[in-house]
Amino acid sequence: MNAPASVPAQTPAISGTAAWQDQLKRAASRVEDSPLQTSAGRIIRATGMVLEASGLALPLGAACRIQMVGNKWVEAEVVGFQGQTLFLMPYGNISGLPPNARVEAAEAPLPPRVPLQAADDAYANLSNQGGHTLPVGFSLLGRVVDGAGKPLDSLGPFENAWSAPLAATYINPLDRAPIDTPLDVGVRAINSMLTVGRGQRMGLFAGSGVGKSVLLGMMARYTKADVIVVGLIGERGREVKEFIEQNLGADGMRRSVVVAAPADVSPLLRIQGCVYATRLAEFFRDQGKHVLLIMDSLTRYAMALREIALAIGEPPATKGYPPSVFARLPALVERAGNGKNVNGKTAGSITAFYTVLTEGDDQQDPIADASRAILDGHVVLSRSLAETGHYPAIDIEASISRVMTAVVGKEHLAMARKFKQLYSMYQRNRDLLAVGAYKKGNDPEIDTAIDRYPFLRKFLMQDIEEKVDMEQASRELGRLFAGLTL
């Protein structure tokens, strides 16, 4: 009997199957990790300043554009979202917005048009990250731009400018150069009694019509700074031209950049104008320049933040201001100040003056109170002084510079303290003097205050066209106390 045929061996696995399965797994993983982002959507609701869009997946802060009637487009920004619905805030007028209007993601910003210097590698890296960028560079000196970085003057496009994001580069507080150098602002009362240090952040607290803009103009003209960046945020439109022609002048404008976002523009543009002015100041600081940043006003910035936050549903807190407003204020202010020393190179600086409007001259206004806590000092302008013709109407008793002790000598500091003591003593006894209830000779210190008060008051007053440098202010302060025990 023949032996049974041998059973054929089992067919081996197909060669390479494991490799194909591994490639499929990697491909599936890449698909899962890829963001599902569409390039177009539709407006589904328009209420007030905020538009709601669906069918479009964009991150917070992304730029987009909305199609209007007549194939016109309006730029907007993503300010919030809920589920699959985006909240958009337009930059311009949306009159003529049709239902179901098309929304598209804005095109990516153009790369820098000129190569950066070796010291500007950080800007090159930031520019290459994409996102919302605006023009910066020395070619912006002498120019007036809006909050979106577009020229408002008739001088044409910028030459040799490059783009930089609005986001700040974080500086470790321990790496910042110390504030140890006084800054001459050309105003006698500030130079002598409220000495400002280079890199300090000061608040200018005032109600309406007490000479705030005039004082800012004096500092803009007389301050010893390489570059001046002026942010006119939320103010009257006519003040832009007035500030440039009357306060800055031709000489001041040559070393200045003015960012104007008046009250009639979108709140988003007002916020961006404030941040853009800070970004320009940071750029010049990073080039080793000493920058004077004038922001008028910090209150209008907070109000614009409030408008947007309330429009997207954030609950109000103190006097209608949502909590996010009080988080954004220090984030903006902390961007000013001294830079850091790199490879032995002297750091640049941003000395900032922020105006703070006090509603009804109320110094306890929530924005004023929050600003006082995060700034390095405050100059308070008094309406009662302004009404008597005392200009600049600086209330010396209510004002303070928190870095003055680090930038002036002991003798100067002693004279400033003596000045405040005599001035305050006279003010406290003013009513007694008015009714004749005080008899001279009862108190030698009050007698000294009465004798010196006319000179103290005259010392604090200064004409608009008068410039008083640090040396002159210190010399005149010394004359007031010649022969007195300090």
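This is a predicted model: local features need pLDDT of at least 70, side-chain atom pairs count only at pLDDT 80 or more; totals for chains, interfaces and linings use all residues.

Colleague: What counts as a salt bridge?

Modeller: A side-chain nitrogen of Lys or Arg within 4 Å of a carboxyl oxygen of Asp or Glu.

Colleague: And how many salt bridges are there by this rule?

Modeller: The count is 21.

Colleague: Pick one. Which residue does Glu476 bridge to?

Modeller: Arg188. The closest N and O atoms are 2.7 Å apart.

Colleague: Where do Glu476 and Arg188 lie?

Modeller: Glu476 lies in helix α15 (residues 470–480) and Arg188 in helix α3 (residues 188–193), so the pair ties together parts 288 residues apart in sequence. Helices here are DSSP runs of H or I with at least four residues, strands are runs of E with at least two, and numbering starts from the N terminus.

Colleague: Is Glu476 buried or exposed?

Modeller: Buried, at 19% relative accessibility. Buried means under 20% relative accessible area, exposed means over 50%, and partly exposed is in between (1.4 Å probe, protein chains only). Arg188 is buried too, at 7%.

Colleague: What about Arg201? Which residue is its salt-bridge partner?

Modeller: Asp376, with the closest N and O atoms 2.8 Å apart. Arg201 sits in strand β12 (residues 201–206) and Asp376 in the loop between α9 (366–374) and β18 (377–380), so this pair ties together parts 175 residues apart in sequence. Both Arg201 and Asp376 are buried.

Colleague: Now Glu282 and Arg279. How many residues apart are they?

Modeller: They are 3 residues apart in helix α6 (residues 267–286), which means about one helical turn between them. Glu282 and Arg279 are both buried.

Colleague: Which residues does Arg65 link up with in a network?

Modeller: Arg102 and Glu104, through salt bridges.

Colleague: New topic. Which strands close into a barrel?

Modeller: There are 6, in the order β1-β2-β5-β4-β3-β6, with antiparallel pairing. Two strands pair if DSSP finds at least two bridges between them.

Colleague: How many bridges join β3 and β4?

Modeller: Strand β3 (residues 63–67) and strand β4 (residues 73–82) pair over 5 bridges, in the antiparallel sense. Cys64 stands opposite Ala76 in β4.

Terms used:
Residues are numbered from 1 along each chain as its sequence is written. Side-chain values use heavy atoms; hydrogens and water are left out.
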